[in-house]
Amino acid sequence: MTGTAAPAVEILGISKRFGDVLALDDVSLSVADGEFVCFLGPSGCGKTTLLRIVAGLERQNLGAIRIKGRDVSALPPAARDYGIVFQSYALFPNLTAAQNIAYGLETRRWPRDRIGARVRELLDLVHLPRHAGRYPAQLSGGEQQRVALARALAPSPSLLLLDEPLSALDARVRVALRDEIKRVQRRLGVTTIMVTHDQEEALAMADRIVVMNHGIVEQIGTPPEVYGEPRTLFVARFVGRMNVLAARAGRDGAVRVGALALELAPGAFEAGAPIALAIRPEALLIGDAARSSGNCVMAHVVAVQFLGAFTRLSLRLPGEDTTLVDCDIAAGALAAAAAREGSELPVALPAGAIRVFRGE
């Protein structure tokens, strides 16, 4: 007989209360072996609480945690076979980088020569071989976090937990280190769960993203799925930039945004029902491309923002006095359309790019 291997991590019906506050409400999901999963959501959504329950640092009120098929729900952190990296690095200030990495191996009574070889291997892995003798105070924030990562990986755990590991770093270091963490994770094949509130980090690093809100899971999917096919209005608004327009459903796919009429594919909403239309700024078309597309209107350019790789136009749609939509376009398209502040230009909202949700 052949069996299917158990998931690396199973989170089964986890609920957690802090007094009268329900922090997690019947959360279930699984993480495959070698997968990189991000818990993503705003402050207070329950993502850190869920990570701490996986780690055994918090105890759930209901539900179970399994790691490699073993129920660890009642086990202490030391018995769960994971390494963890915190936002604050949590390095021992009186130990060198090498000694910090070796600490967990010494407590496990590894032979001294094996410890030395493992420390050298990990310092090479995180590109810090020349920093072995430096103390944390002599290292930059990014270097300290690399040491913390190496320390977490030292005993070859079956699971790596990352608790907002990049949020204390400046933007340039953060981007470099997220690429480094992903490289190390891929090379070692270690199953990884990371908590973050940064959408860009999640989109760039994760194999799958778990979007959380008020203690529940709103959506689980790959980065392209979560970004391109949001299942709820919360996900549409939270992941990336999104234009959201209040509208009313018509018949046979017709909708009205104020005085503006748009055509969509027929939906499941009754005529007259309040709905919300969501479309990414980069999905809007302008100029000649707009003229040859459906849902083309003349819009007023309220503002032009140069943002380096692209330019963002703030547009007022016809019949809308207060609602603005953003349109992100490359420099070539901007020049071709002769878009400038105060001008009028054709803009299209392609039906295929519009996601429709129940109105609030």
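Let's start with the largest nonpolar core, which has 45 residues. A nonpolar core here is a set of buried Ala, Val, Leu, Ile, Met, Phe, Trp, Tyr and Cys residues joined through side-chain atoms within 4.5 Å. Buried means under 20% relative accessible area, exposed over 50%, and partly exposed in between, with a 1.4 Å probe and protein chains only. I101, L160 and I181 touch the most other members of this core. Helix α4 gives the largest share, six residues. There is also a second, separate core of 29 residues, and L245, V257, I275 and V297 are among its members.

A word on the source. This is a predicted model, where local features need pLDDT of at least 70, side-chain atom pairs count only at pLDDT 80 or more, and totals for chains, interfaces and linings use all residues. Residues are numbered from 1 along each chain as its sequence is written, and side-chain values use heavy atoms, with hydrogens and water left out.

Back to L160. What does L160 contact, leaving aside neighbours within four places in sequence? The list is G83, V85, L149, A152, L153, V190, T191, T192 and I193. Contact means heavy atoms within 4.5 Å.

Now α4 itself, residues 141-153. Helices are DSSP runs of H or I with at least four residues, strands are runs of E with at least two, and both are numbered from the N terminus. How far apart are the end C-alpha atoms of α4? They are 19 Å apart, which agrees with the 18 Å that its 13 residues should span at 1.5 Å a residue. That expected span is 1.5 Å times one less than the number of residues.

Eleven of the 13 residues of α4 are buried, so the helix is largely enclosed by the rest of the structure. Beyond four places in sequence, Q145 touches V85, F86, Q87, Y89, P165 and L177.

Next, the largest pocket. It holds about 520 Å³ of space. The search uses a 1 Å grid over the protein atoms alone; a pocket is an open set of points where a 1.4 Å probe fits, with protein on both sides within 12 Å along at least five of seven lines, and lining residues have an atom within 4 Å of a point. The lining has 19 residues, and Y82, G83, I84, G104 and R108 lie nearest the centre. β6, α2 and α4 each give two or more residues to that lining.

On to strand β3, residues 36-40. Five of the five residues are buried, so β3 is largely enclosed by the rest of the structure. F36, C38 and L40 point one way, V37 and F39 the other. In a regular strand the side chains alternate between the two faces of the sheet. Strands pair if DSSP finds at least two bridges between them. β3 runs parallel to β8, with five bridges, and F39 has V195 as its partner there. β3 also pairs in parallel with β9, over four bridges, where V37 stands opposite R208.

Last, strand β11. Which face is covered and which uncovered? N243, L245, A247 and A249 form the covered face; V244, A246 and R248 form the uncovered one. β11 runs antiparallel to β14, with six bridges, and antiparallel to β12, with two. R248 has P274 as its partner in β14 and R256 in β12. Four residues sit between the strands of the β11 and β12 hairpin, where D252 takes a positive phi near 55°.

Key:
Points joined across faces, edges and corners; volume = space filled by probe spheres on them.
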